[in-house]
Amino acid sequence: MSDAIKHECGIALIRLRKPYQYYIDKYGTHLYGINKLYLLMEKQVNRGQDGAGVANIKIDVPPGHRYISRYRSVASQPVADIFQKINKKFRKALKNNKEKARDARWLQENLAFTGEVWMGHLRYGTHGANEIENCHPMLRQNNWRSRNLVMAGNFNMTNVEELFDKLVSLGQHPKDEVDTVTVMEKIGHFLDEENQRVFDRFKGIYENPDLSDIIEDNMDLQRVLHRSCRDFDGGYSMVGMTGFGAAFVARDPAGIRPAYYYADDEVVVVASEKPAIKTAFNVEYNQIQEVKPGHALIIDKYGEYDEYEFIKPIEKRSCSFERIYFSRASDPDIYNERKMLGKLLIPQILQEIDYDLENTVFSYIPNTAETSFFGMVEGLEEYLAKQRKKAIMDGILFEQDLDRLLSFRPRIEKLVSKDVKLRTFITDDSQRDEMVAHVYDTTFEVIRKGVDNVVVIDDSIVRGTTLEKSILKMLDRLGPKKIIIVSSAPQIRFPDCYGIDMSKMKEFVAFRATLQLLKESGLENRVDEVYAQCVAAIESGNASNVNYVKALYDPFTHDQISDKVAEIVTPKDLKADVAVIFQTVENLRKACANHSGDWYFTGNYPTPGGNRVVNKAFVNFMEGKGVRAY
């Protein structure tokens, strides 16, 4: 609850399909593309605040003029920092040339960031330090326009070592063994080969410099992506631009990571989330399409576009955690899914409070849980409506009882809110937890001490540390009889390896609870058995075949693990009783029926690399290694 979870990352692409002068004339500004990209990125800041980057390519500027521009930032507000720098560059150049602000040719020959193809990226780092060199877009440069490649992505690969070795076998010398480098260099390698293939085809027919244009017109980016990505194992939405202005957005074959696009006569635009496109271009949601799994949206040098299959799609397993936690709830589909997640929890909640609604107060923490809270309240209202109907059908004889039943409403309060003005700078461990607790404001005098239950819903419970050290203590000060913590997500039991920073087993409170249950049940030998199986599978190269860690959870019910989590997170000196309720996997599938990527909760990974990662993560845990497993 309120534990920070990091996510990688957000992408944006804009291709202006008309000449640059068109936008100046129609919209009265040379900043049309810049302003639109800024909106796309600001509306996706929820996806990445560690860093940001922007790149721009001009199409058909004369030789001798810079045609690729890039800024990256790791400032505290990186998006604002980048666009302030771009605007400063424009103001400086136009200070003594104000009349040139409406001259597209002059702008493109004299100013950076005046091109037709724009790329933006927001970074939440799951790997590497928060340094500018780890920020996308990444740039692979060459003196031939068609060999230049600019790339950014929302991805993690589970087989980085294999991809690294492949690059070495191709004769390359990668500077680092990370997925960002290996992905870009592998695509860059086959982009080079495609250049050579087209060059060899036409070299006896055309002479330079005409041959350069012929190469650009005949490049097959679908072929490049097929050859590059066929041995990728991971979740990805990758955006790329070539130096001559062609661009692509490629999505993994299981559709794990999201990508959406909109196109009209003026633009083709891509983003990780639909609300960003909706806001920036004021279009209807039904005009925004999803890039199909295993397909790439390819935009050629002339602005023509289409989707092409570059790798065979497999069963779609788009990430449900994306829907529960990260994406903006202003997307109508996500909004309704989150409401349904809250509503489906009602039977469990009613059972936990023994159906005592008169003496129960409902609330939520943090603000991102508000939508599931609305669904929970809606579910309570529906339950009460059924109770009223039943009472009337049964024939209540006393008017007073009927009035009371008809007028009763669930008790809803804002019990905890975050004080955004308060910052903690305490480094002394003995005082830090107390100071962190005061980052939250608590609403007093709305709970009847020793009488009321408190039900608080959140998106998810991952580590449980904030619950134990802050939230439960704050709620206990209100004097409730019982505190029920509700997670709209199921128990997180397994690590992620496709983009969300949840890669270490020891961090999951559900995993810690299971280990305790195994110990208390005399089943500790199962831990050693699973460890031996994982080690043997890794050593034999078969770790991708089976998720052996599942066996640790098999002896216990969903409720047994939830009860043990409640014990773990309850501070010793707490006065109130504590219960923890998790969403069930069955109800998750009802709420997010079209997004079946539930490996965090079930251990059913969409690619073989997921099994290898979970087995390695458990081995790391057993051997006390605090590193990620991929």
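Visitor: Which residues of helix 13 are buried?

Guide: This is a predicted model, in which local features need pLDDT of at least 70 and side-chain atom pairs count only at pLDDT 80 or more, while totals for chains, interfaces and linings use all residues. Residues are numbered from 1 along each chain as its sequence is written, and side-chain values use heavy atoms, with hydrogens and water left out. A residue is buried under 20% relative accessible area, exposed over 50% and partly exposed in between (1.4 Å probe, protein chains only). In helix 13, the buried residues are Thr 371, Ser 372, Phe 373, Gly 375, Met 376, Val 377, Gly 379, Leu 380, Tyr 383, Leu 384, Arg 388 and Ala 391.

Visitor: How far does helix 13 reach from its first C-alpha to its last?

Guide: Helices (H or I, at least four residues) and strands (E, at least two) are DSSP runs, numbered from the N terminus. The expected span of a helix is 1.5 Å times one less than its number of residues. Helix 13 covers residues 370-394, which is 25 residues, and the expected span is 36 Å. Close to that expectation, the reach of helix 13 is 36 Å.

Visitor: Which residue follows helix 13?

Guide: The residue after helix 13 has a positive phi, near 80°. Its name is Gly 395.

Visitor: How far apart are the end C-alpha atoms of helix 23?

Guide: Helix 23 has 15 residues, 608-622, and at 1.5 Å a residue they should span 21 Å. The model agrees with this, because the end C-alpha atoms are apart by 22 Å.

Visitor: Which helices are included in what covers the buried residues of helix 23?

Guide: The buried residues of helix 23 include Gly 609, Val 613, Ala 617 and Phe 618. Contact means heavy atoms within 4.5 Å. The cover of these buried residues includes helix 17 (509-520), helix 18 (524-540) and helix 19 (550-553).

Visitor: How does helix 2 run relative to helix 3: roughly parallel or roughly antiparallel?

Guide: Axes are lines fitted to C-alpha atoms, for helices over the stretch in contact, and angles run from 0 to 180 degrees between N-to-C directions. Angles under 35 degrees count as roughly parallel, over 145 as roughly antiparallel, 65 to 115 as roughly perpendicular and the rest as oblique. Helix 2 (residues 32-42) and helix 3 (residues 78-94) have axes 10 Å apart and pack at about 170°. Therefore helix 2 is, relative to helix 3, roughly antiparallel.

Visitor: How many nonpolar residues has the contact of helix 2 with helix 3?

Guide: Ile 34, Leu 37, Tyr 38, Met 41 and Glu 42 of helix 2 meet Val 79, Ala 80, Phe 83, Ile 86 and Phe 90 of helix 3. Ala, Val, Leu, Ile, Met, Phe, Trp, Tyr, Cys and Pro count as nonpolar, Asp, Glu, Lys and Arg as charged, and the others, Gly among them, as polar. The contact has one charged residue and no polar ones, and its nonpolar residues number nine.

Visitor: How many bridges join strand 6 to strand 7?

Guide: Strand 6 is mostly covered, with nine of its nine residues buried. Within the sheet, three bridges join strand 5 to strand 6, and Leu 139 has Val 150 as its bridge partner in strand 6. On strand 7, Val 239 stands opposite Ala 152. The bridges between the antiparallel strands 6 and 7 number nine.

Visitor: Tyr 305 has what relative accessible area?

Guide: Tyr 305 is found in strand 13. Leaving aside neighbours within four places in sequence, its contacts include Arg 17, Tyr 261 and Ile 298. Tyr 305 is partly exposed because its relative accessible area is 33%.

Visitor: Which residue of strand 19 is the bridge partner of Val 455?

Guide: Six of the six residues of strand 19 (residues 482-487) are buried, so this strand is largely enclosed by the rest of the structure. Strand 18 (residues 453-458) runs parallel to strand 19, joined by six bridges. The partner of Val 455 is Ile 484.

Key
Pairing = 2+ DSSP bridges.
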